[in-house]
Amino acid sequence: QLQLAESGGGLVQPGESLRLSCKASGFTLDDFVIMWFRQAPGKEREGVACIGGKERTTFYTDSAKARFTISTDDAKETVYLQMNKVSPEDTAIYSCAADLLALSTVQALCENPYEADYWGPGTQVTVSS
């Protein structure tokens, strides 16, 4: 059964770090792209970082570049989002999603936050002092 489950959210202070986990049960990363999206209150969902394919290709949107890192632990079927130097603007519900890579690219899937076939329930990240 294909299932996604996020964990690791919580309350952090500006400038601190946080690591989110996405347990991607049943997904083969060679064939799928695992994507992190976020949605802040009153804003549209946006892509954050994505990884997938045999070469574990990564893509970061502008909101994540230089501060966030996406990685995988294949043995644990888990994709991580390491978030450094967080700011209040990073406050959002973070969700991981998955889609087949076969007919698209990691970048294209990452830039389209409404098309993924599989979704986790999300985890709240709040950045506040």
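**Reading a loop and its neighbours**

Student: Leaving aside its neighbours within four places in sequence, which residues is Ser 63 in contact with?

Tutor: In this predicted model, Ser 63 is in contact with Arg 38, Glu 46, Gly 47, Val 48 and Phe 68, once neighbours within four places in sequence are set aside.

Student: Where is Ser 63 found?

Tutor: Ser 63 sits in the loop between strand 6 (57-60) and strand 7 (68-73). The side chain of Ser 63 also makes a polar contact of 3.0 Å with the side chain of Thr 61.

Student: What else is in that loop between strand 6 and strand 7?

Tutor: Ala 66 is found there. To read its backbone, start from the general idea: most residues other than glycine have a negative phi. Ala 66 is not a glycine, yet has a positive phi of about 75°.

Student: Is Ala 66 buried or exposed?

Tutor: Residues over 50% relative accessible area count as exposed. Ala 66 has 89%, so it is exposed.

Student: How do I read Glu 89, in the loop between strand 8 and strand 9?

Tutor: Begin with its place: that loop runs between strand 8 (78-83) and strand 9 (92-100). Glu 89 is exposed, because its relative accessibility is 60%. Its side chain is joined to that of Ser 87 by a polar contact of 3.0 Å.

Student: How many residues apart in sequence are Glu 89 and Ala 40, and how far apart in space?

Tutor: They are 49 residues apart in sequence, while their C-alpha atoms are 8.3 Å apart. For the whole protein chain, take contacts between residues at least 6 apart in sequence: 62% of these join residues at least 24 apart.

Student: What pattern does the protein chain follow along the sequence?

Tutor: The order is β-β-β-β-β-β-β-β-β-α-β-β. The radius of gyration is 13 Å, close to the 14 Å that the globule rule gives for 129 residues, so the chain is as compact as a globular protein of that length. Its C-alpha atoms fill a box of roughly 40 × 25 × 25 Å along the principal axes.

Student: What share of the residues is buried?

Tutor: Buried residues make up 45% of the 129. The chain exposes about 6700 Å², and carbon and sulfur atoms supply 47% of that area.

Technical notes. Residues are numbered from 1 along each chain as its sequence is written. This is a predicted model: local features need pLDDT of at least 70, side-chain atom pairs count only at pLDDT 80 or more; totals for chains, interfaces and linings use all residues. Side-chain values use heavy atoms; hydrogens and water are left out. Helices (H or I, at least four residues) and strands (E, at least two) are DSSP runs, numbered from the N terminus. The radius of gyration is taken over C-alpha atoms; the globule rule is 2.2 Å times the number of residues to the power 0.38. Buried means under 20% relative accessible area, exposed over 50%, partly exposed in between (1.4 Å probe, protein chains only). Contact means heavy atoms within 4.5 Å. Accessible areas come from the Shrake-Rupley method with a 1.4 Å probe; for residues, only the protein chains shown count as cover. A polar contact is a pair of N or O atoms within 3.5 Å; within protein, one must be able to donate a hydrogen and the other to accept it, and residues adjacent in sequence count only if both atoms are side-chain atoms.
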